[in-house]
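Subject: Structure handover and findings

Dear colleague,

Please find below the structure I promised to pass on, and after it a short account of what was found in it.

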Amino acid sequence: MSSTPMIQLENVHKHFGPKQVLRGIDLSVAKGESMVIIGGSGTGKSVMLKCILGLLEPTTGTIHVDGEDVTHLRGRARKEVLTKFGMLFQGAALFDSLPVWENVAFGLIQGKGMNKKDAREIATEKLRRVGLSPDVGLLSPAELSGGMQKRVGLARAIASEPEIIFFDEPTTGLDPIMADVINDLIVECVKDLGATTLSITHDMASARKIADRIAMLYQGEIIWEGAKAEVDTSGNDYVDQFIHGRAHGPIQMELRKL
Ligand SMILES: Nc1ncnc2c1ncn2[C@@H]1O[C@H](COP(=O)(O)OP(=O)(O)O)[C@@H](O)[C@H]1O
Ligand SMILES: [Mg+2]
């Protein structure tokens, strides 16, 4: 009960000039838990993730990772924290100039200073874990289908066996069947590692598959949070509208006011 959360945000605000994107986020992710943040586009999901990663600095508020205040870390100390994280970016974000295996091995070589031979062995093993044969490792990412690119992105995210993995829209751009395959792989790989995960998505099928807990972000605030099983009976009109994909409801009314 009293164990330290793996990720904790307290009253995090992020403004860009006059634009208030995050308006007081409180969020706690326990060790080994899979938290999924749902919400429409432009609600601040990626900005929140970037604040935790240290790519953006919160305007006010604090962020703890495994008990350490990381809110304003820079340089070496920031790099140290980043070694705890694996990340699957929206759109996979692979380097086309490097073969697939080197994309997977990138963090091991650049971040951990591992020699190329050992890193290549691990990359090949991780590719196999996500269902890709060693010869795929020799291809350029540009030669792969969208589903294969996601697999490579997942292999890269798990390559260093991180304690925490972030998934930013892991199924965007995939057909529903391929999305389901990727969701299953995510669940399996996370279970293998016992990792804590924080995912953001607007795909409810994905959220239902990978979440232990779900939180909804709306206009820069967490407006609802609960166990996955509670999402259908939240009693929250915004959550209801979102999970059923209804055009009409409180979210639409807000849009009409603009
Ligand atoms: N570096 C930035 N400078 C100014 N505005 C930004 C910046 N990054 C994001 N925003 C704005 O913050 C809002 C939330 O963006 P984002 O977190 O990317 O949304 P999403 O929930 O779709 O991931 C958007 O209105 C976006 O234009
Ligand atoms: Mg985003």
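Tyrosine 238, with a relative accessibility of 24%, counts as partly exposed, whereas tyrosine 218, at 9%, counts as buried (buried being under 20% relative accessible area, exposed over 50% and partly exposed in between, with a 1.4 Å probe and protein chains only). Please bear in mind that this is a predicted model, in which local features need pLDDT of at least 70 and side-chain atom pairs count only at pLDDT 80 or more, while totals for chains, interfaces and linings use all residues. Residues are numbered from 1 along each chain as its sequence is written, chains are lettered from A and ligands numbered from 1 in the order in which they are written, and side-chain values use heavy atoms, with hydrogens and water left out.

There are three aromatic pairs, where rings of Phe, Tyr and Trp (its six-membered ring) pair if their centres lie within 6.5 Å, and planes under 30 degrees apart count as stacked, over 60 as edge-to-face and the rest as tilted. One of them is the tilted pair of tyrosine 218 and tyrosine 238, at 4.8 Å centre to centre and 45 degrees between the planes. Because tyrosine 218 lies in strand E9 (residues 213-218) and tyrosine 238 in helix H8 (residues 237-244), the pair ties together parts that are 20 residues apart in sequence; helices (H or I, at least four residues) and strands (E, at least two) are DSSP runs, numbered from the N terminus.

Turning to the ligand, an oxygen atom of ligand 1 lies 2.9 Å from a backbone N or O atom of lysine 45, and an oxygen atom of ligand 1 is also 2.9 Å from a polar backbone atom of serine 46. The protein covers 61% of the 570 Å² of accessible area that ligand 1 has on its own (by the Shrake-Rupley method with a 1.4 Å probe; for residues, only the protein chains shown count as cover). Strand E2 (19-29) and helix H1 (45-53) are the elements that give two or more residues to the shell around ligand 1, and H1 gives the most, with three residues.

Finally, serine 206 lies in helix H7 (residues 204-210) and is buried, with a relative accessible area of 0%. Its side chain is joined to that of asparagine 183 by a polar contact of 2.9 Å (a pair of N or O atoms within 3.5 Å; within protein, one must be able to donate a hydrogen and the other to accept it, and residues adjacent in sequence count only if both atoms are side-chain atoms).

With best wishes
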